[in-house]
Structures are given as C-alpha cells and as structure tokens.
Amino acid sequence: MVSRAAWLYISAVVAITVLFVASAPMHLSGIPHPLFALVTLQALFLVCDSVKTPLISRQTKWSPSSAATLAAVVLLGPFAAALVGATSLISMRRQLHLPERLFNGAMHALCGLAAGEAYLALHGHVGFPTASAFRAIVVAFAAAAAVHVATNHALIWGIYRLDRGSGMLRREALESSLPLLLASDLGYACLGLVIASLWQIMGWFAALLVLVPLFVARWAMGQFAEQQRAYAATMNALCQAVETKDYYTRGHGDRVSRGAVMIARQIGMSSDRTDAIRFAGMLHDVGKLGVPTQVLQKTGPLTEDEYAAIQLHPMRGLEIVREIGFLYEALNGIMHHHERIDGRGYPMGLAGHEIPEFARVIAVADAFDSMTSTRSYREAKSIRLALAELRKGAGTQFDPLIVEAFIAALDREEWRLPEPAGVPADLATVTVQDHDDPTAPLRVIEIP
Amino acid sequence: MTGGTLTGRPAPDRVAYWQALDSGRLLLISAAAMLVTAAFAGTVLDIQSRHLNWRAALAFGGFIAFGELLRLALPGGREAAPIAMVGAMAYALLMSLPKEGVVHYNALLVITVSAIGMTVGALPHIAAGRPAGLTGMCTRLITVACVAFIFRTFVSASFVDQPWEFAFSIMALLVILGWLVETMVGALIRADDVGARFSVAMWDEMRLQWPLGLAVGASVIITVFGAKDMGLMELAILIGPLLVTQIAFRRYAGIRATYLQTVRSLARVTEVAGYVEAGHSRRVSRLAVAVGRGLGLAEKELLALEYAALMHDIGQLSLRDPIPGGATVLVSPADQEQIAELGAEVIREAGVLDDVATLVRCQSWPARGHVPAPPLGSMVIRAANAFDDMVGSSTDRDRSAAALERLRLDPAEYDGRVVAVLAEVAGRRVSSRL
C-alpha cells in the first residue's frame, strides 16, 4: 500500500530527523519544572492531534497541534519542541499504520526542531516571555511559526508527490484547501506564544484554557462536515425521487454528475467549480418534471407544441433551482445543457463559446450516459461506440476539447455502466423517446 | 404575548401584539442609548484624569470595530459578532498591562470605547446597504455594561495581587453572567419577532449559543491574563485563532442555509410537475411552522417540521397521473396513506432525515383513534395541508373561516389544539394583508 519510493522518502525523513535531534544540545532549560512542562505539552499535542477534523473533504485533516510544539519552542527550546512533535508517533488515532506513524512523528519532530532553531537564530529568549523582551520575542516567534508551517507543508507535499494515488493523500483534496489550511495553521500557531505567556501565571492550566476555543472550533468544523454529508445525501434522495418517474433514466443524474466531475478534473477546474458542476449535473434534467408525462411517453412523432414543451425543460429546471445558493455557473449549466456548438440547440440557440463552459461539459456527459444506457427502443451502446458518436458530434453538437478531455478522463478512471435494465414491470412508466440521445433525435411532425 | 393562549379565535388584541413587537426593540435601543449618553458624558468629564490610557482604548476599540465588521450569521437568521464581544469583554475585565501595571478606568470608559468601536465597525455594513444590526449591537453593549459595572469596582492593586485562581473564578462567573444576559435579551427579542414563547425561545437560544459563548468566554479570559506580559500586541496575535474559529462557524451556518434553500427549491418539483398548486408546499410549510411555534415546539423540531411540510407531497411523484388540482384532502384515505408512505420512503433514502420521514409518513393518520397516535408535527402538517387545499393563496376571510369550520367539525381527523392555533395563525395572516 506504500510504494517503495515513499518508503525511501519516509526513511530519509526519519534518518535526517534522528541525526538533527541527536546533534542538538540535549537539555531542557528555560523554566522551572521543565520535565513537567514537557510532559504537559506532549499531552496537549496528543489531545490536539487526536481531534483532527475533516476539512472540506474527508482526506484533508486539520489539527491545531502545532500550538503545543511552538509553545515548547518558546518555553523549553528546540530539543523539547522536537520531543513534543515526536509524540505524534503514539497518536491515539488507531487507523494510522506504521509508515504513517513513523512519518508523522519524524515530520513533527523536524518541524519543531527547525522552528526552535529559527527562534534561537533570531535571538528569541527561551523561557517565560518577559514584558521587556516581548517585542524581540514576537519577531522571533513569527519566524518560528512560519518555518514550522513551511517545513510541515513541504514534507507533506513530498510524500504526496511520491505516493500519489495510494490513499495517503489525494491531490485535489490537498490543493483545494491549501489556502485555508495554511491560514488556519498559522492562526493556531500563534496560540503557542499565548500558551507560553499564560504559563508563567497559571502553569499547566494555560494548556487547558487554550484547548477550549480549539475544541469549539473543532466542534463547528465537525458540524459543518456533518451538515455537508446530510446535504449531499438529501440531494441524492430527492434527485432519485424525481427520476422514479421514468424507469429507464434512473440514476441518469447521478451518472451525468460523475461524468461532469471527471471532465472538470481533467480540464483543471477549481474545487469550488467542481462541486458546483457536481450538483448541476445531478439536477440538469430536473425540469423534465414540468413536461407532461404523455409527451415524454409518446411513441409517434411529436407535434410542434409537444416538442416545444420538451425544449422548455432546461428553463423549468432553472426555475426550480434558481433560489439555491449555487454558483451562478451551475444555473447556467442547467439552463444551457442542450445548446449545440453549431448554434442549433435549445433553449437559446447559443453557439461556440457563447455556451457556458458548464453547459458544454454537462452536454457531453449527458449524451454519453444516454447512449450507454438501455432505452425502450434500443439496447445500450458500448463505451467504444458511444465515444465514436461523441467524436462524430464534436464540432457540431459538442465542444471538441471537452470531448477529448472526457475520453482522456475515461482512460484514467473507470466508468461504471448503469445496471443493465430488464423489462420494466410497469410499462406505463417508460419514456419512449429520449431527448438526450444524439443518435436518435426526436421526431417532430414537419408542417409544410 | 398571544402564543400561549389557545382561544381558538383570532386574538382581539392583535394590533397591540404588533405594537408590542416594536416596543421590545424600542426599549432595548433606548436603554442602550441612555447608557451610551451617560458613558460619553462621564468619559468627557473624566478625560483630563491621568488614568486614561489612549493606546489601550484605541487598540481595544479597533479590535471591537474589526469584530463588528466581521459579523457572523448563525442558523435561524441570527447574527453574532464574537470577535467584537471578545474585545469588549476583555476591555471590561482587563487587569494589568506591562508598562503601567494595574489599570484603573471606570465602566463608563468601557461603554464609550465599545460603543464607538461597534459604530465604526457597523459603518461599512451600512455603506454596503446591509442592515445596521442595531439590535445586536445594543444587546452586546448592555451585556458589556453589566459586566463592566460589576468588575471595574473590583480592580485594585490588592485584587490583582491575589492568587490568579481568585481573579479567574470571578471572571468566569462574570463571563457566564454576561452570556446569560446576552442570551436572555436575544431570546426576548426573538420571541417577539417570531411569536414564540419566551421559555422556548430562551432554551433554543441557549442551546444554539453555548458553543460560541464558551469559545468567547475562554478567549476573553485568555486575553485578560495574556495582556499582563504580552501587552496590547496580544490582540494582534489572538486575531488569528479567533478568525479560524469564526470561519468554522461561518461555514457551518452557510451550509445549513444552502441545505434549507435546496430543500425549499426541490420541494417545488411537485408544483412544476403539476401535482400540486403553485406555492402550495411553501404555504403549508409557513403555516405549519407558525402553528408549531404557537404550540411551543423547539427550534430543532421546527426545522424538522419545516422540512417535512416542504416535502409532504413528494410521494406524489410516484403517482402516474397528478391528482386533479393536487388536493390530497380530496382523495381516499388509502391513497393519502400511500402517498405519505411513498414520500417517507424517498426521504428515508437520504439516511439523515429520519425524523422528517416519520413526520411525512404519519401525516395521513387521523388525530384520534389511530394506534399509535401520530406525532404532533404530523398532525400540524395534516391540518395545514387540509387548510391550504381548501383556501389556497386566497386571503378571503369567509373562505378561511369556512375551511377552519370544516376542520373544527372533524375532531377525529384534525387535532383540536392544532386547529385552534391554526385559526389564530390564519387570522393573523389575513389581518396582516389588509
């Protein structure tokens, strides 16, 4: 599960850390009862470390443990800071495996040591921060905090480069939350100085007091993650409810959403936009509910009026989701997902790059899923055939760049085909013509 | 307040009720205004005294202004300014600074600095066209004043020289007192605004505000003790962690709002699909929440009720053909039950809204004679739905009265208490549109 390169990297980090820590002056100085302070700070580190919170996605965890390390930098010096960081080895998070523990312990020890040396280099005073020397201490501490955060992120970045895809870290998770992660790391690093300063008044109680706001922030983050999960689940359930109207299109929204996200990642959309396109894909056909069932289920050619009713569904969809606090782009994607590059689509007849990017992405995923699903009038096409159809439509119906991106994304990631649909139990809930299917355009009665 | 009395008829003192709504706010604002005037006068008279530390006043005032600028929207349309609160409370409880040692200033200065800081911080909000948030500012100001008036009399060299535990305990008590005052004023205003009972509003407010209150309280004490050695620079250091906490809360409140918006919007699919009349789910949910509030439901239950009321017809999506006019009140009980079951099934699918699913499932149960008895929320939805099916968006008094009469005549189907509150709410609704 951990690649050889990653093992090599971890071993290198551990070796460097041991070398540096061993060569550092091994003494605890600064304040009375240094050993007791060290153990308290180690306990604080462990508590902070074990309450890591998911930040945005489940892969990126965030923890305020750097406050403990940096408090040790000020109170006890670099060696103690390294010892505090090394406690990560015995982290109480059980799901961690040995390589992860080794790496975390070495990384945090190295971060603490580097921060401590930076602090000393800028003439920071080790011990209780005194009022007279406080200005110098602040400058040195700021440098120490910056070094700590920088070392931490550099080492994590290294492991991600070497260990891509093995599950320790995911690229998009790391990138999407980097600014927020850096900001919160620096913000909480500041607490190290506060702990050090309060220590001379209230001793170990300082660590406890500082924990309170930390835990509250953690609680709020947890609530956020919980609400986010609930939100996604509810959205899914509601979309499924909408799709039960038609036997053959079940799961269509979900699959289009996945396809759109694959394309979005392939063309390098930011994570906010990727989230938005996920919802847009899921909801793109919600307006179909506004189309009378008898029109959707009609076997023969459609009259002009009936065709117009179908053409209205993107607008209807927009009407439904307009008030959700989405990105504006997601609404555009829903409204224009049936536009064509050559300008012959609906509802507005936009052409080329007048069509919003979201809509061009959803159009490709939409047509692809329609073709690879079973319909009442034909069997599902194979992926190869469907891609050939997409290529054929590139430049007239689809944006060629998006089609290429989708094909490239399909090379990297597997596409889960819908369950092969049997004959539905209830024939009345079947759409006979699929407006999404580019190989079988809707038949409209021509009026001479 | 009329929320507690179940008369079954529109309360005759309705106009007085609406006036009372404003008078609570008015009272709060005028009390704060008087306080500020007195504080300004006192401060100006005292300005020559050697106690005034301009740098501290400016630093804390700036901190408060910054916090007021970064107000925080909490679930349920509440607004808080935790960073401003930390600044103001810490200034009220400040004991000593590095250079001058023990600080001496009176509560009036604390109020003056807080008021100026809050006003400055509110100016950008006003300039951007957002509400000034006067009520929240007044609440915070009164809270700070309470704490400052008590604590500033304590601060003396001999008090500061006591062991730190002593000052800590007093501060902890005062922080809790301040939190209680703020929560109580907030609950009073809210009870007036939405027509909830005070006890319920207070309980809701406490349950919702305690995590933030805890963080603010601990930060205040940290600030006060830290200032002894770190001085005013500490304020700059503490901004970082406070901001991170605030961001965490902001994201939480944000996703909750989006969640509600999404359910509101998606519940409209039944309307767009022609299953129910336009605006039906939203009207039913508004009505149900108002009735639930009148019945004294807590905010958490009200949220479940709102979701359930918004989605109560979602089961109709599984029907092949829309019911004519969408009025479930007109179809057979067996069909009603089936729609409710199907809807509950859809919601249970989400896996996180089981209480909502229960409310939707039991909405077809009659109020009496069903074993087990339906939950209160379901009876509310049942009555609100029936009322809206008969009245719709009309505000006609007679039509509303006739619908209520029909509900009243059917006590086995519609719970008497629910109908009584519904009548009150419907009466208010009609009169507010006149």
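Colleague: What makes you say that helix α3 of chain A is largely enclosed by the rest of the structure?

Modeller: Counting does it. This is a predicted model, and in it 11 of the 11 residues of α3(A), residues 66-76, are buried, so the helix is largely enclosed by the rest of the structure.

Colleague: How much of chain A as a whole counts as buried?

Modeller: 55% of its 448 residues. The chain has 18 helices and 2 strands. Among its contacts with a separation of 6 or more, 72% are between residues 24 or more positions apart.

Colleague: Why is the pair A:Asp275 and A:Arg278 called a salt bridge?

Modeller: Set the distance against the cut-off. Their closest N and O atoms are 3.0 Å apart, and the rule asks for a side-chain nitrogen of Lys or Arg within 4 Å of a carboxyl oxygen of Asp or Glu, so the pair qualifies. Both residues sit in helix α11 (residues 271-283) of chain A, 3 residues apart, about one turn of the helix.

Colleague: Why do residues three or four places apart in an α-helix point the same way?

Modeller: An α-helix has 3.6 residues a turn, so residues with that spacing point the same way.

Colleague: Are A:Asp275 and A:Arg278 buried, partly exposed or exposed?

Modeller: Check the numbers. A:Asp275 has 32% relative accessibility and A:Arg278 has 28%. Buried needs under 20% and exposed needs over 50%, so A:Asp275 is partly exposed, and A:Arg278 is partly exposed too.

Colleague: Which other pair in chain A meets in a salt bridge, at 3.1 Å from N to O?

Modeller: That would be A:Arg340 and A:Asp342. With a relative accessible area of 30%, A:Asp342 is partly exposed.

Colleague: Now chain B. How do you know that B:Glu405 and B:Arg408 form a salt bridge?

Modeller: Their closest N and O atoms are 3.1 Å apart. The limit is 4 Å, so they pass. They both lie in helix α16 (residues 397-408) of chain B, 3 residues apart, about one turn of the helix. B:Glu405 is partly exposed at 37%, and B:Arg408 is partly exposed at 31%. Elsewhere, B:Glu68, B:Arg71, B:Glu79 and B:Arg140 are joined into one network by salt bridges that share partners. Over all chains, the count is 24 salt bridges.

Colleague: How many of them are between chain A and chain B?

Modeller: 0. There are 6 residue pairs in polar contact between the two chains, though.

Colleague: Then what makes up the side of chain A that touches chain B?

Modeller: Its residues divide into 42 nonpolar, 13 polar and 6 charged. The contact takes 61 residues from chain A and 53 from chain B. About 5,200 Å² is buried between them, and carbon and sulfur atoms give 76% of that area. In chain A, A:Ile201, A:Leu238 and A:Ile320 lose the most area to chain B, together 12% of what that side buries.

Colleague: Which element gives the largest share of that side of chain A?

Modeller: α9(A), with 24 residues.

Colleague: Back to burial. Why is B:Thr183 put in its class, and what touches it?

Modeller: Its relative accessible area is 3%. The limit for buried is under 20%, so B:Thr183 is buried. B:Thr183 lies in helix α7 (residues 164-194) of chain B. Beyond its neighbours within four places in sequence, B:Thr183 is in contact with B:Met202, B:Glu205 and B:Met206.

Colleague: What about B:Ala403: buried or exposed?

Modeller: Use the same test. B:Ala403 comes out at 4%, so it counts as buried. Its place is in helix α16 of chain B. Leaving out neighbours within four places in sequence, B:Ala403 is in contact with B:Phe387, B:Met390 and B:Val391.

Technical notes
Residues numbered from 1 in each chain as written. Chains lettered and ligands numbered in written order. Predicted model: local features only at pLDDT ≥ 70, side-chain atom pairs only at ≥ 80, totals over all residues. Heavy atoms only, no water. Helix = DSSP H or I, 4+ residues; strand = E, 2+ residues; numbered from the N terminus. Buried < 20%, exposed > 50% of the residue type's maximum accessible area, 1.4 Å probe, protein only. Contact = heavy atoms within 4.5 Å. Buried area = accessible area lost by both parts, 1.4 Å probe. Polar contact = N/O pair within 3.5 Å; in protein donor to acceptor, adjacent residues only side chain to side chain. Nonpolar A, V, L, I, M, F, W, Y, C, P; charged D, E, K, R; others polar.
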